[in-house]
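Subject: Structure handover

Hello,

Here is the structure I promised to pass on. Please open it first, then read my notes below.

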Amino acid sequence: MIYLDYQATTPLAPEAREAMLPWLGGPGEAGFCNPHSPHRLGRSAKAAVEHARDQVAALLPDGGRVIFTGSACEAINLAMRGVPGEGPVAHSAIEHPAVRDTARALGACYELPVNAEGLTDPAMPLAPGTRLVAVMQVNNEIGTIQPSARSHAAARGAGALFLSDAVQAFGKLPVAEADLIAVSAHKLYGPKGIGALWVRDGVQLAPQITGGLQEGIRSGTLSPALCAGFGAAAQLARERMAADAAHVQTLWHRARELFAGWQVNGSASERWQGNLNLRRDGLDVARLMSDCRQVMFSAGSACASGSGAPSHVLRAIGLSDRQAKNSIRLGFGRYTTVEEIEEAAAMINAAADAQ
Ligand code: PLP
């Protein structure tokens with residue numbers, strides 16, 4: 001089995017798993033306690049949560065706070081629904097459904113188009129009264145890196161808050177400045193089931209879940225195990241950021257050679273190189289996937305695949321529905337080897353040639 005779906009999720013780093021184990025205690029053991037309990041074991045669980053918060057915060061800008069959530073989807077919902085005001089929400093045309101569908105649910109919203117490279121234009125005028133601008137840092141389908149700093153400045157100039165969905169960038173690239181930043185542990189070799197929202201000091205959000213307000217504006221008992229895993233993964237990502245990026249670059253160059261006959265979707269330069277979204281005219285992707293069952297890859301984003309609808313991201317960069325349906329996404333990262341890329345390319349190319 002060759003795993004090439006790193007945008008959907010990443011393997012749990014052994015270091016993150018190790019950090020989680022003490023907090024999965026059963027009867028007679030410590031480590032199962034509620035981190036919001038005032039007794040000694042509760043306080044030690046709380047200390048683990050706060051240590052993890054510091055580890056996650058070390059990858060985020062100064063001047064804000066980290067609120068743990070159950071996922072990045074929850075963090076995005078908290079940010080978008082919690083921002084005060086009545087004005088419309090602007091978002092790039094290639095946002096994840098967590099942003100697009102939430103914007104639609106909120107009512108007044110509009111899209112900021114991208115060019116054929118999959119890049120937004122920060123000079124695009126914003127509608128008067130826009131209260132929030134959401135532009136992701138790295139796209140999950142085509143990997144393009146947005147000019148986030150300039151979009152943030154434009155939003156600020158128009159009096160709007162700026163939300164960065166940094167899920168695919170966090171731990172891989174320095175995180176872009178924003179007012180609100182959403183991240184997820186399972187995309188950086190941490191556990192599934194935990195994300196976070198970074199909130200710039202002075203930004204007020206209304207809670208979206210009522211209850212104990214354990215995280216100040218977010219209710220729900222935190223899992224010390226998930227927090228510890230997230231924290232350890234974030235620390236490891238910080239220590240290995242340059243080495244991970246260099247490794248991914250090696251894989252990217254080898255993959256580009258091996259898939260020389262295919263078109264790359266989205267900018268090849270302004271891109272996280274662990275994402276290779278490829279297209280080949282006439283390709284029957286469903287058949288390809290069934291012929292290459294040993295390779296785990298995607299026909300689009302994991303969220304969109306299965307719906308049968310052509311990807312909104314590929315359509316936004318100007319591809320026809322047919323071209324979008326001729327596309328595959330290969331995602332690789334820290335634990336992928338050059339040999340795996342070579343083996344997968346041989347299988348995929350042979351199956352595509354045989355069609
Ligand atoms: N935003 C982007 C860009 C993503 O890729 C994903 C996951 O695929 C999400 C948000 C949602 O993250 P989570 O799975 O933590 O809800």
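How far does a polar side-chain atom of Ser184 lie from an oxygen atom of the ligand? The distance is 2.6 Å. Please keep in mind that this is a predicted model.

**The ligand site**

For His186, an N or O atom of the side chain is 2.9 Å from an oxygen atom of the ligand. For His96, a polar side-chain atom lies 3.5 Å from a ligand oxygen. The ligand on its own has 390 Å² of accessible area, and the protein covers 89% of it.

The residues around the ligand come from several stretches of the numbering. They include Ser71, Ala72 and Cys73. Met136, Asn140, Asp165, Val167 and Gln168 are also among them. By class, the shell has six polar, four nonpolar and two charged residues.

**Aromatic pairs**

Next, the rings. There are six aromatic pairs in the structure. One of them joins Phe68 and Phe230. Their ring centres are 6.1 Å apart, with 55° between the planes, and the pair counts as tilted. Phe68 sits in strand β2 (residues 64-69) and Phe230 in helix α6 (residues 224-258), so this pair ties together parts that are 162 residues apart in sequence. Both Phe68 and Phe230 are buried.

What about Phe259 and Trp262: how are their rings arranged? The planes stand at 85° and the centres are 5.6 Å apart, so this pair is edge-to-face. The cut-off for that label is an angle over 60 degrees. Phe259 and Trp262 are both buried.

There is also an aromatic cluster. Tyr3, Tyr6, Tyr189 and Tyr335 form it.

**The whole protein**

Now the overall picture. The protein has 355 residues, arranged with 10 helices and 12 strands. Buried residues make up 54% of the 355. The C-alpha trace spans about 65 × 55 × 35 Å along its principal axes. The radius of gyration is 21 Å. A compact globule with 355 residues would have a value near 20 Å, so the two agree.

**Where to look**

Then go to Phe68 and Phe230, the tilted pair. Finish with the cluster of Tyr3, Tyr6, Tyr189 and Tyr335.

Best wishes

Methods:
Residues numbered from 1 in each chain as written. Predicted model: local features only at pLDDT ≥ 70, side-chain atom pairs only at ≥ 80, totals over all residues. Heavy atoms only, no water. Near = heavy atom within 4 Å. Polar contact = N/O pair within 3.5 Å; in protein donor to acceptor, adjacent residues only side chain to side chain. Areas by Shrake-Rupley, 256 points an atom, 1.4 Å probe, with all protein chains shown as cover. Nonpolar A, V, L, I, M, F, W, Y, C, P; charged D, E, K, R; others polar. Phe/Tyr/Trp six-rings, centres within 6.5 Å; stacked < 30°, edge-to-face > 60°. Helix = DSSP H or I, 4+ residues; strand = E, 2+ residues; numbered from the N terminus. Buried < 20%, exposed > 50% of the residue type's maximum accessible area, 1.4 Å probe, protein only. Rg over C-alpha atoms; globule rule 2.2 N^0.38 Å.
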